[in-house]
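Here is a friendly note to read with the structure open beside you. Take the points one by one and find each residue as you go.

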Amino acid sequence: MLFRAVVPLLIIALASSALSAQTPARTAPSGDALRVFLDCEDGCDVDYIQVETPWIALVRDRAVADMHLLVTRQETGAGGRQYTIHALGRGSFAGRADTLTFSTPPNNTEDASRAEVLRNLQLALVPYATRTAPGRSLRVVASKRDEDDDERPAGPDRWNAWVFEIGADGEISREQQQSDFNVDGELSAQRVTAGLKLGARIDGDFSRSRFKLDEDEGGREVTSTRESYRGGAVVVRSLGKHWGAGAEASASSSTFENTRLRVRAAPAVEYSVWPYEESTRRQLTVQYSVGVSAFRYREETIFDRLSETRPTHALIVGYDVRQPWGSADATLEASNYLDDPTQNRVVFDGELNLRIARGLELEVGGSASLIHDQLSLVKRGATQEEILLRRRALQTDYRYDVRIGFNYTFGSIFNSVVNPRFGTGPGEILR
């Protein structure tokens, strides 16, 4: 009886699938469609954009594109995202450029955010697509807004532009001879307006690992515990298109750094070479701060101290650029104690992504530090267990790391067909 009931249902399901397969939901773009090179940070679903925009062809090589879409984003004061689309013409559209800016709210779902990105990308491309054969079939349809639309003019803000965020997570793992436990949490509040920026944050992390040694090591159990807690607040006042001034205060505690309490307070001033409104494309800033740091240590330090208060100052130069040729960012920070300039630190961190030639990209990055200000090192030194389990900071005069790589893509640049079966790409198919 069961077999007789199931067989007709299977026949109907297979027939429906066959009929559905004959009618694709989207057609592949034609050969004379607008060729678009999408240069986008996190937040662009490429497959979704191609499927929903069949009147363009996404290409992998900027050199053969009709349009270069450079999409950048930054966080808004409410915790949402502000996107900027730079439509840069190439080939027959060379010399043309348009900019479109829009925002998504912080409570948007992933689907709602990608739909808004898609809508604005399509709007940016319409003036250029209408000069292609597929684009001439486009028509304008305006959606009617509901009376309850969230984008209607809002009334008074009962939060007065304040945004709060709270989060926590934990992890437990266990094996026969070892176990790990970790928990961390954070709480933040910020208020961002055009003229004033206020922010505060508290976070902490606690981790404990236990290891059971072999009988050759006595069969004993080793426990490694690390704790770190941090809190801070900042206030920044806008002083025109190029200047900003403010102050920051922070407090922290760390078993790794041998600090029971570290407190710092410092006013600061910043100058931006380019106007701040250009920060999504390029930014070069110079920031200087001067203040006081106070320390209380858990154990006596190599300088025979359990507490101290020191005047400090720091200079930070930051560079960030995103252009059609690629992107680059770098930070150089120099700081020292005013009462002893020999106790200082210089830190450089940078990354370069460069499009060298057709299909070839070079990626170079790294950081380097000159360290001469380790005030909190424990006088007794670190035990072998503390070294192996990284429970204590160790004395060093430098630290560096280097990253280099390249990516070369060749083959068809016009294949814009989306096929999600067995994953969305070869990397997932061949995992």
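The points below move from the sheet to its surface, then to the core and the salt bridges.

1. A word before we start: this is a predicted model. Please keep that in mind as you read each point.

2. Begin with the sheet. It is an open sheet of 12 strands, paired antiparallel, and its order is β6-β7-β8-β9-β10-β11-β12-β13-β14-β15-β16-β17. As background, strands of a sheet pair through backbone hydrogen bonds, either parallel or antiparallel.

3. Now zoom in on one pair of strands. Strand β12 covers residues 282-297 and strand β13 covers residues 307-323; the two run antiparallel and are joined by 15 bridges. To see the pairing residue by residue, look for Y288, which stands opposite L315 in β13.

4. Y288 and L315 belong to a nonpolar surface patch of about 780 Å², together with L239, W243, V269, Y271, V273, V286, V290 and L338. Which strand gives the largest share of the nonpolar patch? That is β12, with 3 residues. Strand β11 (259-272), like β12, supplies at least two residues of the patch.

5. W243 deserves a separate look. This patch member lies in strand β10, which spans residues 243-254. Is W243 buried or exposed, or something in between? Its relative accessibility is 42%, so W243 counts as partly exposed.

6. Next, turn to the largest nonpolar core, which has 24 residues; L34, V36, L38, M67, L69, L121 and L125 touch the most other members. The elements giving two or more residues to this core are β1 (34-40), α2 (46-52), β2 (56-58), β3 (67-75), β4 (81-89) and α3 (110-129). The largest share, 7 residues, comes from α3. In general, nonpolar side chains tend to be buried together in soluble globular proteins.

7. There are 22 salt bridges in the structure. One of them joins the side chains of D66 and R35, at 3.6 Å from N to O. These partners sit 31 residues apart in the chain, with D66 in the loop between β2 and β3 and R35 in strand β1. D66 counts as buried because its relative accessible area is 13%, under the 20% limit. R35, at 27%, is partly exposed.

8. In one, R201 meets E186, with the closest N and O atoms 3.1 Å apart. R201 is in strand β8 (residues 196-212) and E186 in strand β7 (residues 178-192), 15 residues apart. Both partners are partly exposed: R201 has 38% relative accessibility, and E186 has 29%.

9. In the other, D203 pairs with R230, and the closest N and O atoms are 2.3 Å apart. Here the partners are 27 residues apart, D203 in strand β8 and R230 in strand β9 (residues 221-238). D203 is buried at 14% relative accessibility, whereas R230 is partly exposed at 38%.

10. Finally, look for a group of four: salt bridges link D39, R322, R355 and E361 in a network.

How values were computed
Residues are numbered from 1 along each chain as its sequence is written. This is a predicted model: local features need pLDDT of at least 70, side-chain atom pairs count only at pLDDT 80 or more; totals for chains, interfaces and linings use all residues. Side-chain values use heavy atoms; hydrogens and water are left out. Two strands pair if DSSP finds at least two bridges between them. Helices (H or I, at least four residues) and strands (E, at least two) are DSSP runs, numbered from the N terminus. Patches are made of residues with over 30% relative accessible area and no salt bridge: like charges are joined within 9 Å, nonpolar side chains (Val, Leu, Ile, Met, Phe, Trp, Tyr) within 5 Å. Accessible areas come from the Shrake-Rupley method with a 1.4 Å probe; for residues, only the protein chains shown count as cover. Buried means under 20% relative accessible area, exposed over 50%, partly exposed in between (1.4 Å probe, protein chains only). A nonpolar core is a set of buried Ala, Val, Leu, Ile, Met, Phe, Trp, Tyr and Cys residues joined through side-chain atoms within 4.5 Å.
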